[in-house]
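Work through the exercises below with the model open. Each task is followed by a stepwise solution.

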Amino acid sequence: MARWRTRTLLVGALATVAGCSVVPPGSVVIPTLSPRREALSYFPAGAPVVAVVATDPQDPEVRRLAGSGLLAPLQRAADAQGVHYAQLRSLLGHDLVVGQPYVGAPPLAVLLTDDASGLGALAKALVRAGRATPAGQYRGANLFAARRFAFAVRGAVLLAGASTAQLVKALDTRVGDGGFEASQLNRELPAGGRPGALAHVFADLRPLVARAPPAVRAVPLVRALGAAGMTVHASATGLDAVAQADTSGVGLTEADLPAAGGSSARVPVPRGDSTLAVADLGRFLQAAERAARAALPVGILRLDALRERLDIVGVALSAGLLQGPASLTALGDAKLLRLQPAHPRTLALALSRAARRLRAPHWTIRPEDGLYAVRDRGQVVLRVGLVDGVLVAGRARAATLTRFAAVPVSAVRGPVALRIPRLGAWFPRPVVATLEGTPDALRVDAHAGF
């Protein structure tokens, strides 16, 4: 991860100064009909990942991002390399294109500027400071090698990558006939996206699927993933991303989708905990079982054996006992399940029946503190029970589970939702993503607060 950040350091430094630059008098301005098309031309048509990022300092979304503080780590890293925003402020304005030109390749970044003289001066300053070394010329571009990355200056065009060999390949791509086109990106973008996005992203998921383990590739939903598109917007409260992946033409059914249907998941009010919430646990588990049977046809026999044992003690999972909205929350080292069952009385009866009929060596189920304690050789491995019609389960104290049953929930759009408390220094506030799908497309909506 550190190597990836270092290789794209120059790119990040350019983004850091968004929102504070002006073109100084006397700058060299090179007119162009399509700066985005120029930047995209350095990527081959088969590039698996391509992102177009706005850098116009006057763009409202760019200004929001610059003022959010999220770019501070990049600015500090750039300063450590001797690259200061004052040297870069005249270079921004057009779209920055960042992507992976080939499967397994390191990232490449291309930016067309309106200040060729300023770009050349920046390159010379890095050489004088001993942070870069001239590495020759190729197709009208001056190549430079730094300690952990390389960059090239071709008039008003800046390229940054992992090595000069990668930049040479990019320069060759530009003069060929197979360059990446904006239409490839636009074709995959999610419907209904607002114009003026901070970033538009194209991703071909098929190479990733092809490199996954056989068991993963066997899952119908994974096997169906094709091209995907994403838009990212900077709102007043954070970053909003919408991604959509094509899954059409491979015969998926709604039974294969853990996120089918129009119901809303219910997420416990934010507490700084990681949570997976589903609108209907029964439907989610059915899709998970179908995926498991496809990926692990032998291992699934254990699930069948477990179901048979539960049937013996009177708990028939096939009876729909686990229908209803549920959430799984990581509370410290414990994992707590909360289910609002569709049939709480039937579920309570099943638990009572299991406690009376269980006959297994070393295992017991006994009422305790209003719940049931499941013990293996005398050690509690699980507590489960209903509190005011809400099923709670987990390896935690009864008082903790009882309080957890009363935690208020908030409905979110989408049958599956995931809340991540924080992503390091970049997103210190919770990130919430929702997932929904049809046999033709899978959609993810995510929000990361500033």
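A salt bridge here is a side-chain nitrogen of Lys or Arg within 4 Å of a carboxyl oxygen of Asp or Glu. The model is predicted.

**Exercise 1.** Find which parts of the chain the salt bridge between R36 and D95 links.

Solution. 
1. The R36 and D95 side chains meet at 2.8 Å, N to O. That is within the 4 Å limit.
2. R36 belongs to helix α3 (residues 35–40). D95 lies in the loop between α6 (85–88) and β2 (96–100).
3. The pair therefore links distant parts of the chain, 59 residues apart.
4. R36 is partly exposed at 28% relative accessible area. D95 counts as buried at 18%, because buried means under 20%.

**Exercise 2.** Is D59 buried or exposed, and what does its side chain reach?

Solution. 
1. Locate D59 in the loop between β1 (49–53) and α4 (60–68).
2. D59 is buried but has no salt bridge. R64, the nearest side chain of opposite charge, is 6.4 Å away.
3. The D59 side chain reaches the backbone nitrogen of E61 at 2.8 Å.

Conventions: Residues are numbered from 1 along each chain as its sequence is written. This is a predicted model: local features need pLDDT of at least 70, side-chain atom pairs count only at pLDDT 80 or more; totals for chains, interfaces and linings use all residues. Side-chain values use heavy atoms; hydrogens and water are left out. Helices (H or I, at least four residues) and strands (E, at least two) are DSSP runs, numbered from the N terminus. Buried means under 20% relative accessible area, exposed over 50%, partly exposed in between (1.4 Å probe, protein chains only). Lys and Arg count as positive and Asp and Glu as negative; His and the chain ends are not counted. A polar contact is a pair of N or O atoms within 3.5 Å; within protein, one must be able to donate a hydrogen and the other to accept it, and residues adjacent in sequence count only if both atoms are side-chain atoms.
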